[in-house]
Amino acid sequence: MELGSIYFYPVKSTSGHEVGEAEVQPWGLAGDRRYLVVDERGRPMSAREHPIMLACVAEPDGDTITLTGPHAAALRVTPTSRRFTADVWGTPVEVTDCGDDAAAWMSALIGRTGRLAWLDDPTRRPVNPAYGLPQDRVSLADGYPLLLTSTASLAQLDTWVARTADALGEPPPAPLSMRRFRPSVVVDGADAPFAEDAWQRLRIGEVDFRVAKLCDRCVMTTVDPETTAKGKEPIRTLARHRRWDGKTWFGVNLIPDGTGRIAKGDLVTVL
């Protein structure tokens with residue numbers, strides 16, 4: 001197997017970047033989800049409820065980013081010195097405010113009040129202790145430093161989605177983009193669909209990872225990342241084939257056991 005794609009997402013729940021190589025840090029890929037948008041109560045705002053967030057592209061440059069979107073001129077953002085506490089899925093995390101201009105830009109994009117914040121210290125947020133070690137940390141991703149998916153699993157899902165459409169008398173669907181699942185790393189060449197379900201440890205290039213748990217999927221996967229339009233797939237079909245414990249599953253969450261660079265084409269080995 002080999003590493004087929006690498007993605008990172010500078011601002012949580014906005015558009016991502018596909019890159020040829022990336023630095024693996026203890027809390028995730030370098031530059032990945034160090035920013036997020038919060039509402040008036042300090043809770044994350046997500047493309048689950050606000051799909052237009054996927055139209056925002058953030059270009060990182062050191063400790064600053066430049067935001068572009070369909071609604072306003074590009075904005076270069078520099079974090080301020082003001083800190084506040086965000087509620088990141090039940091965990092209080094101290095973050096740095098990015099100023100009124102960034103807040104106004106994001107609020108205009110989303111259509112409701114939001115503020116952009118930066119996680120200046122990525123060691124602040126622990127991984128769920130039920131699936132990680134005391135020293136494990138994560139940036140502002142949903143729960144774990146990296147998400148792995150495989151092209152073999154997506155191919156199987158595309159087959160299932162086509163069968164669902166045929167059974168319901170719907171037009172043949174276009175293949176799903178892997179970008180719907182917002183992976184960090186995508187593996188090519190797995191010997192079977194969903195083989196990753198059984199992996200416990202793996203090596204990408206020279207960096208080792210633990211598989212923390214399978215990844216349960218939400219309605220955000222039903223938003224087309226190109227058009228921001230919502231649909232029924234893939235959740236409708238995943239619920240028929242990959243539903244247990246009241247959830248649907250696609251991909252696995254990874255925790256690094258080391259640091260270093262990974263690159264497209266690197267060998268992927270199950271340990």
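Is Arg182 buried or exposed? Arg182 is buried, with a relative accessible area of 12%. The model is a predicted one. In it, Arg182 sits in the loop between helix 2 (151-167) and strand 13.

Most residues other than glycine have a negative phi, and most peptide bonds are trans. Several places in this chain depart from that pattern, and the table collects them with a glycine that follows a helix.

| Site | Backbone value | Location |
|---|---|---|
| Arg182 | positive phi, about 50° | loop between helix 2 (151-167) and strand 13 |
| Thr228 | positive phi, about 65° | loop between strand 15 and helix 3 |
| Gly111 | positive phi, near 90° | follows helix 1 |
| Glu233-Pro234 | cis peptide bond, omega about 10° | Pro234 in the loop between strand 15 and helix 3 (235-241) |

Arg182 has its positive phi although it is not a glycine. Thr228 belongs to the loop between strand 15 and helix 3. Pro234 also lies in the loop between strand 15 and helix 3.

How many bridges join strand 5 to strand 11? There are four, and the two strands run antiparallel. Strand 11 covers residues 115-118. Within this pairing, Val37 faces Leu116 of strand 11. Val38 stands opposite Arg115 in strand 11.

An α-helix has 3.6 residues a turn, so residues three or four places apart point the same way. In helix 1, the buried residues are Ala102, Ala103, Trp105, Met106, Ser107, Leu109 and Ile110. These buried residues pack against strand 5 and strand 11, and also against strand 7 (64-68) and strand 8 (75-77). Gly111 comes after the helix, with a positive phi near 90°.

Gln25 has Gly28 of strand 4 as its bridge partner.

**The largest pocket**

The largest pocket contains about 760 Å³ of space. Its lining is made of 37 residues. Which of them lie nearest the centre? They are Arg48, Asp142, Gly143, Cys215 and Asp216.

By class, the lining has 15 nonpolar, ten polar and twelve charged residues. Strand 12 (146-150), strand 15 (207-217) and strand 17 (247-256) each supply at least two residues of the lining. Strand 15 gives the most, with four residues.

**An exposed loop residue**

Gln200 is found in the loop between strand 13 (185-188) and strand 14 (201-204). Why does Gln200 count as exposed? Its relative accessible area is 61%, and the cut-off for exposed is over 50%. By contrast, the 12% of Arg182 makes that residue buried, since buried means under 20%.

Leaving out residues up to four places away in sequence, Gln200 touches Phe209, Arg210 and Val211. Gln200 and Gly114 are 86 residues apart along the chain, and their C-alpha atoms are separated by 39 Å.

Terms used:
Residues are numbered from 1 along each chain as its sequence is written. This is a predicted model: local features need pLDDT of at least 70, side-chain atom pairs count only at pLDDT 80 or more; totals for chains, interfaces and linings use all residues. Side-chain values use heavy atoms; hydrogens and water are left out. Two strands pair if DSSP finds at least two bridges between them. Buried means under 20% relative accessible area, exposed over 50%, partly exposed in between (1.4 Å probe, protein chains only). Contact means heavy atoms within 4.5 Å. On a 1 Å grid over the protein atoms alone, a cavity is a set of points where a 1.4 Å probe fits but cannot get out, and a pocket is an open set with protein on both sides within 12 Å along at least five of seven lines; lining residues have an atom within 4 Å of a point. Grid points are joined across faces, edges and corners, and a volume is the space filled by probe spheres set on the points. Ala, Val, Leu, Ile, Met, Phe, Trp, Tyr, Cys and Pro count as nonpolar, Asp, Glu, Lys and Arg as charged, and the others, Gly among them, as polar.
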